[in-house]
Amino acid sequence: MVIIDNNIIGALLAFLIGVGIASLNYALSRYILKKAPKQYASTQIVKQLIQIGYIVLLYFFADKTPWNPLWMLVGGCLGITVPMIWFTLKLVKLNDSLKGKEES
């Protein structure tokens with residue numbers, strides 16, 4: 001029998017969904033930087049709305065799960081923010097490489 005009432009399981013699940021959202025946001029940012037860099041600032045609003053929407057969903061619906069809502073919120077917040085450290089470095093390198101092509 002699988003025990004799913006452990007709070008770590010809920011936090012891990014929320015973390016993994018957060019990582020998925022961060023990955024989708026990275027893919028969107030990368031696509032925009034390559035295809036339409038002038039639109040990049042406006043896509044940040046969309047990305048923020050997606051991230052905030054996920055946290056709001058966790059806040060309001062986590063109590064309907066067998067896990068503690070606080071653990072799920074922490075897992076979701078970490079899932080969104082921790083991968084963005086690496087994704088931000090990759091986006092900066094991509095942006096720098098694109099600028100090098102423009103200047104030459």
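Predicted model: local features only at pLDDT ≥ 70, side-chain atom pairs only at ≥ 80, totals over all residues.
Local features need pLDDT of at least 70 and side-chain atom pairs count only at pLDDT 80 or more, while totals for chains, interfaces and linings use all residues. Residues are numbered from 1 along each chain as its sequence is written, and side-chain values use heavy atoms, leaving out hydrogens and water.

On the surface, Ile8, Leu70, Trp71, Val74, Leu78 and Val82 form a nonpolar patch with about 530 Å² of accessible area together (Shrake-Rupley method, 1.4 Å probe, only the protein chains shown counting as cover for residues). Patch members have over 30% relative accessible area and no salt bridge, with nonpolar side chains joined within 5 Å and like charges within 9 Å. Helix H3 (residues 69-103) supplies the largest share, 5 residues; helices are DSSP runs of H or I, at least four residues, numbered from the N terminus. Ile8 lies in helix H1 (residues 7-35) and counts as partly exposed because its relative accessibility is 46% (buried is under 20%, exposed over 50%, partly exposed in between).

Helix H2 (residues 40-61) holds Leu57, which is also partly exposed, at 48%. Leu57 and Leu73 stand 16 residues apart in sequence and 9.6 Å apart in space, C-alpha to C-alpha.

Lys47, also in helix H2, is buried yet has no salt bridge (a Lys or Arg side-chain nitrogen within 4 Å of an Asp or Glu carboxyl oxygen). The nearest side chain of opposite charge, Asp96, is 16 Å away (Lys and Arg count as positive, Asp and Glu as negative; His and chain ends are not counted).

Key. Helix = DSSP H or I, 4+ residues; strand = E, 2+ residues; numbered from the N terminus. Buried < 20%, exposed > 50% of the residue type's maximum accessible area, 1.4 Å probe, protein only.
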